[in-house]
Amino acid sequence: MRLQTRENISKQGAEIASVRGTLQALAESWGTDVKYLQTRIAEMEEKLTKVQNTLAEIEYSEEIDWLGKLNE
């Protein structure tokens with residue numbers, strides 16, 4: 001795996017961890033204003049969408065022909 005690809009995947013993993021942490025904090029703050037919770041959840045959904053799109057780009061950015069060599 002190329003260094004750049006590894007770095008990109010690592011960044012996306014960090015984003016996922018950030019979203020998970022925020023969602024855990026939101027789950028513990030049930031007494032908070034509903035509008036605030038809705039706003040934060042929408043922000044996390046947007047972050048996850050960006051991560052998903054970036055991972056899809058990474059998936060198709062490298063040649064994966066080496067996988068075929070495993071079956072030779």
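Leu55 is found in helix H2. The model shown here is a predicted one. With a relative accessible area of 33%, Leu55 is partly exposed. Leu55 also belongs to a nonpolar surface patch of about 270 Å², which it makes together with Ile9, Ile16 and Leu48. Two helices contribute to this patch: helix H1 (3-27) and helix H2 (34-59) each supply at least two of its residues.

**Helix H1**

Helix H1 has 25 residues. From its first C-alpha to its last, H1 reaches 36 Å, close to the 36 Å expected at 1.5 Å a residue. Which residues of H1 are buried? They are Thr5, Gln12, Val19, Thr22 and Leu26. These buried residues pack against H2.

Thr22 has a relative accessibility of 15% and counts as buried, because the cut-off for buried is under 20%. Apart from neighbours within four places in sequence, Thr22 is in contact with Arg40 and Met44.

**Salt bridges**

Side chains of opposite charge can pair when their charged atoms come close.

| Pair | N to O distance |
|---|---|
| Glu15 and Lys47 | 3.8 Å |
| Arg40 and Glu43 | 2.5 Å |
| Glu46 and Lys50 | 3.6 Å |

Glu15 and Lys47 meet through their side chains. Glu15 lies in helix H1 and Lys47 in helix H2, so this pair ties together parts that are 32 residues apart in sequence. Glu15 is partly exposed, at a relative accessible area of 31%, and Lys47 is partly exposed as well, at 28%.

Arg40, a contact of Thr22, forms a salt bridge with Glu43. Arg40 and Glu43 are 3 residues apart in helix H2, which means a separation of about one helical turn. Arg40 is partly exposed, with a relative accessible area of 23%, and for Glu43, also partly exposed, the value is 34%.

Glu46 and Lys50 both lie in helix H2, 4 residues apart, again about one turn of the helix. An α-helix has 3.6 residues a turn, so residues three or four places apart point the same way.

Key. Residues numbered from 1 in each chain as written. Predicted model: local features only at pLDDT ≥ 70, side-chain atom pairs only at ≥ 80, totals over all residues. Heavy atoms only, no water. Patch = residues over 30% accessible without salt bridge, like charges linked within 9 Å, V, L, I, M, F, W, Y side chains within 5 Å. Areas by Shrake-Rupley, 256 points an atom, 1.4 Å probe, with all protein chains shown as cover. Salt bridge = Lys/Arg side-chain N within 4 Å of Asp/Glu carboxyl O. Buried < 20%, exposed > 50% of the residue type's maximum accessible area, 1.4 Å probe, protein only. Contact = heavy atoms within 4.5 Å. Expected span 1.5 Å × (residues − 1).
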